[in-house]
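Open the model in your viewer and keep the selection tool at hand. The stops below say what to select next and what is there.

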Amino acid sequence: TDFQCALGSSQLKKLNQFIVYRRKVAAEYNKAFSNDLRFIIPKIEKENYHSFHLYPLLINFDKLNVSKNTLFKRMLKYKIRLQNHYLPIYRHTYYKKKFNFFLKNFPISEFFFKRQVSLPIFYKIKKKEVSKVIKIIKKICKLK
């Protein structure tokens, strides 16, 4: 519609500003989680420019006293909403029924899926909120 075109056009004018801010937020997350064996930060090749539409943090739940599901629930108690992106296609109901895939046939996808958690990252997130996310994730994700 005309309205959607106008909105999209106005948002495109701010795109660079949005990306610069998301990259600053991602840098804060990277700094907080990079030297901690519980976490794997997104790997970005030097020749690439990442816009950080999402911030997919990998968490090694096997070494922790918390499961992925429990982490999501506990974070919600602090009013922090994590997301679960990248559901492998073979886990979708249609593909499970149609092709009868076995999870063991996709070890790399399963590794990523079981550990991936998308942290809040958006243009209006404040530095104080980012610090809160970091602090609480580290508090909840205690080693066994």
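This is a predicted model: local features need pLDDT of at least 70, side-chain atom pairs count only at pLDDT 80 or more; totals for chains, interfaces and linings use all residues.

**Stop 1: a pair of rings**

A pair of aromatic rings is described by the distance of the centres and the angle of the planes. The ring centres of Y90 and F101 are 6.3 Å apart and the planes meet at 75 degrees, so this pair is edge-to-face. Y90 sits in the loop between helix 3 (68-77) and helix 4 (93-99), while F101 sits in the loop between helix 4 and helix 5 (107-115). The two residues are eleven apart, and their pair links distant parts of the chain.

**Stop 2**

The whole structure holds 13 aromatic pairs.

**Stop 3: charges over rings**

Select R23 and Y49. The charged end of R23 sits over the Y49 ring, 4.0 Å from the ring centre. Then select K68 and F113: K68 lies over the face of F113, at 4.8 Å from the centre of the ring.

**Stop 4: the largest pocket**

Which residues line the largest pocket? Select Y78, K79, I80, R81, P120, F122, I125, E129, K132 and V133 to show its lining. Six of the lining residues are nonpolar, four are charged and none is polar. The volume of this pocket is about 160 Å³.

Notes: Residues are numbered from 1 along each chain as its sequence is written. Side-chain values use heavy atoms; hydrogens and water are left out. On a 1 Å grid over the protein atoms alone, a cavity is a set of points where a 1.4 Å probe fits but cannot get out, and a pocket is an open set with protein on both sides within 12 Å along at least five of seven lines; lining residues have an atom within 4 Å of a point. Grid points are joined across faces, edges and corners, and a volume is the space filled by probe spheres set on the points. Ala, Val, Leu, Ile, Met, Phe, Trp, Tyr, Cys and Pro count as nonpolar, Asp, Glu, Lys and Arg as charged, and the others, Gly among them, as polar. Rings of Phe, Tyr and Trp (its six-membered ring) pair if their centres lie within 6.5 Å; planes under 30 degrees apart count as stacked, over 60 as edge-to-face and the rest as tilted. Helices (H or I, at least four residues) and strands (E, at least two) are DSSP runs, numbered from the N terminus. A charge sits over a ring if NZ of Lys or CZ of Arg is within 6 Å of the ring centre and within 35 degrees of the ring normal.
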